[in-house]
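Here is a short briefing on one protein model. Keep the structure open while you read.

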Amino acid sequence: MAKKKKQPAMLEETEKKGRLGKKSASPEVLLDDNAPFSVVEAYKTIRTNMMFVLSNSESKRIVISSALPNEGKTVTAINVGIAFSQMGQKVLLIDADLRRPTVYQRLKINNSKGLSSILVGFCKLREAVKNVYPNFDVLTSGPIPPNPSELLGGNNMSVLLDGLQEYYDYIIIDTPPINMVSDALVLTPKTDGLVMVARQGRTTHDQFKKAVSSIEFANVKLLGTILNGDRSGGSYKYGYSYGY
């Protein structure tokens, strides 16, 4: 069978594996009091599926990444965190994109102190963590350092995550795109695994496959994949699938 042109990788893979949930959702809408019902329901679906994936894990640390920029990973990471916090779970979102951070812009919070500041010893955790919603705290990236991969892969990051586990039920970590830099692959072994985000009309099969090959080569656990921005039928669609 001939390959369809510009077939989104996630769409093809979820057709093979079977979708566990599909709801209407916009890839750019944040889960706040004004979020449409379809968006709220979409993230309830992903929350439920992630709970199944992590049911045997004690740490519940999740890395969110994508193949390329502008595929919705940051908004997805924020919304996944908010969705868990709405269950009464204590959640921390970490912006570990130490190259082009955007969490602070999305949430309109200060970024003068953050993850990089803590890792190099410039400030304490309590000085950098910000409460944004009930049960939902955020650790922004902080100033952009000259050595992001070394900081994320270093022992200080491991110690930080181990310490945070005592205070949070879920730790969601936004990271740079896999096909651009190796930061996500360096960090993921310190967590339960990685969730890939793809966007309809942008993520190609080749780019997604390249990212998954990098994940497999690094022996990183792929927890699941998310498709957003599918506008078939005239509305946004969302899909989630376990593994690859």
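Is Asn 135 buried, partly exposed or exposed? With a relative accessible area of 30%, Asn 135 is partly exposed, because that figure falls between the 20% limit for buried and the 50% limit for exposed. Keep in mind that this is a predicted model.

**The chain as a whole**

- The protein chain holds 10 helices and 9 strands.
- Of its 244 residues, 56% are buried.
- Take the contacts between residues at least 6 apart in sequence: 77% of them join residues at least 24 apart.

**Two residues with positive phi**

- Asn 135 sits in the loop between strand 4 (130–133) and strand 5 (136–139).
- Its phi is near 65 degrees, a positive value in a residue other than glycine.
- Lys 60 also has a positive phi, near 50 degrees, and it is not a glycine.
- Look for Lys 60 in the loop between helix 2 (37–53) and strand 2 (61–66).
- Lys 60 counts as buried because its relative accessibility is 17%, and the cut-off is under 20%.

**The nonpolar cores**

- In soluble globular proteins, nonpolar side chains tend to be buried together.
- The largest nonpolar core here has 35 residues.
- Ile 94, Leu 115, Leu 194 and Met 196 have the most contacts inside that core.
- Several elements each supply at least two residues of this core, among them strand 3 (91–95), helix 5 (115–119), strand 7 (193–199) and helix 10 (205–217).
- A second, separate core has 30 residues, including Leu 30, Leu 31, Phe 136 and Ile 172.
- Leaving aside residues up to four places away in sequence, Ile 94 touches Leu 115, Leu 139, Leu 161, Leu 164, Ile 171, Ile 172, Ile 173 and Asp 174.

**The largest pocket**

- The largest pocket contains about 440 Å³ of space.
- It is lined by 21 residues, and those closest to its centre are Pro 69, Asn 70, Lys 73, Arg 100 and Thr 102.
- What kinds of residues make up the lining of the largest pocket? There are 7 nonpolar, 5 polar and 9 charged residues.
- Helix 3 (residues 73–85) gives the largest share of this lining, with 3 residues.

**Helix 3**

- Helix 3 has 13 residues and reaches 18 Å from its first C-alpha to its last.
- That is close to the 18 Å expected at 1.5 Å a residue.
- Helix 3 is mostly covered, with 13 of its 13 residues buried.

- Thr 102 lies in the loop between strand 3 and helix 4 (103–107).
- Thr 102 counts as partly exposed because its relative accessibility is 26%.
- Thr 102 touches Thr 74 and Asp 95, not counting residues up to four places away in sequence.
- Thr 102 and Val 75 are 27 residues apart along the chain, and 9.4 Å separates their C-alpha atoms.

**Ser 149, a helix residue**

- Where is Ser 149 placed? Its place is in helix 7.
- Ser 149 counts as buried, at 17% relative accessibility.
- Which residues does Ser 149 touch, not counting those up to four places away in sequence? They are Arg 99, Ser 182, Asp 183 and Val 186.
- From Ser 149 to Leu 185 is 36 residues in sequence, and 9.4 Å in space from C-alpha to C-alpha.

Terms used:
Residues numbered from 1 in each chain as written. Predicted model: local features only at pLDDT ≥ 70, side-chain atom pairs only at ≥ 80, totals over all residues. Heavy atoms only, no water. Core = buried A, V, L, I, M, F, W, Y, C linked by side-chain atoms within 4.5 Å. Buried < 20%, exposed > 50% of the residue type's maximum accessible area, 1.4 Å probe, protein only. Helix = DSSP H or I, 4+ residues; strand = E, 2+ residues; numbered from the N terminus. Contact = heavy atoms within 4.5 Å. 1 Å grid on protein atoms, 1.4 Å probe; cavity = no way out; pocket = protein on both sides within 12 Å on 5 of 7 lines; lining within 4 Å. Points joined across faces, edges and corners; volume = space filled by probe spheres on them. Nonpolar A, V, L, I, M, F, W, Y, C, P; charged D, E, K, R; others polar. Expected span 1.5 Å × (residues − 1).
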